[in-house]
Structure formats: structure tokens, C-alpha cells
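Q: I would like to learn how to read a helix and its surroundings in a model. Could you take me through one?

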Amino acid sequence: MEYQVLILPRAQRKIESLPLRTRKRIGNAIDALAENPRPQGIKKLKGAEDLYRLRVGDYRIIYSIEDDDLIVIVVNTGHRKNIYRDLS
């Protein structure tokens, strides 16, 4: 079963502002979430209900999974030093 991946506008704007090479790497990682929303290396975020973190180099993809509807929602993306501050 393949999941549908939705990217929230805030996350999309951040992806578009990244350098091309980084944007491609993050895009590939997001596309892979459709096949496997829980790949090796993800972590569930503490203090956040149903949010997961995927590392892509120095960048992070924060997303939620709705298993009942087969949807992955990309909530935010960004550099590791800022991404968690942006969640609050």
C-alpha cells in the first residue's frame, strides 16, 4: 500500500528556499515516505503527538502519519539547528 504525501505550505516554502542539491535530496526522501513512512533511522519526537523526524544530512523532515487514511503529512523542514525551535 502506498501512502499519499501532503506537504504543508510552510514546509514547501522552506524546501523551495534551499540550494538545489539539498532540495533534491529532501525531495527524494519525501518521495520515499510514500513507500515506507517509517524507514530505518526515524525517531518519534518527544512532547509532540504523532510527529516523526527524518534526517537528511544536516536537514530534518518533520512529518506525521495517518495510517487509517494512508497519508503522510510533511509539517516542516529545515536545518537541524533551527527545526525544533520552529515547531513550538
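Q: What is the mean pLDDT of the chain, and which elements have the lowest and the highest mean?

A: This is a predicted model, so confidence, given by the predictor on a scale from 0 to 100, comes first. The mean pLDDT of the chain is 92, and 97% of its residues reach 70 or more. Among the elements, helix H3 (residues 83–87) has the lowest mean, 76, while E1 has the highest, 97.

Q: How far apart are the end C-alpha atoms of helix H2?

A: They are 24 Å apart, which agrees with the 22 Å that the 16 residues of H2 (residues 20–35) should span at 1.5 Å a residue.

Q: Which residues of H2 are buried, and which are exposed on the other side?

A: An α-helix has 3.6 residues a turn, so residues three or four places apart point the same way. In H2, the buried residues are Thr22, Ile26, Ala29, Ile30, Leu33 and Ala34. They cover an arc of only 165° around the axis, which puts them on the same side of H2. On the other side, Arg21, Lys24, Asn28, Asp31 and Glu35 are exposed.

Q: What covers the buried residues of H2?

A: The cover includes strand E1 (4–7), helix H1 (9–16), and strands E3 (52–56), E4 (59–66) and E5 (71–79).

Q: Which residues of the largest nonpolar core touch the most other members?

A: In soluble globular proteins, nonpolar side chains tend to be buried together. Here the largest nonpolar core has 18 residues, of which Ile26, Ile30, Leu54, Ile61, Tyr63 and Val74 touch the most other members. Two or more residues of this core come from each of H1, H2, E3, E4 and E5. Leaving aside residues up to four places away in sequence, Ile61 touches several residues, including Ile26, Ala29, Ile30, Leu54 and Val74.

How values were computed: Residues numbered from 1 in each chain as written. Predicted model: local features only at pLDDT ≥ 70, side-chain atom pairs only at ≥ 80, totals over all residues. Heavy atoms only, no water. Helix = DSSP H or I, 4+ residues; strand = E, 2+ residues; numbered from the N terminus. Expected span 1.5 Å × (residues − 1). Buried < 20%, exposed > 50% of the residue type's maximum accessible area, 1.4 Å probe, protein only. Arc of directions from axis to C-beta. Contact = heavy atoms within 4.5 Å. Core = buried A, V, L, I, M, F, W, Y, C linked by side-chain atoms within 4.5 Å.
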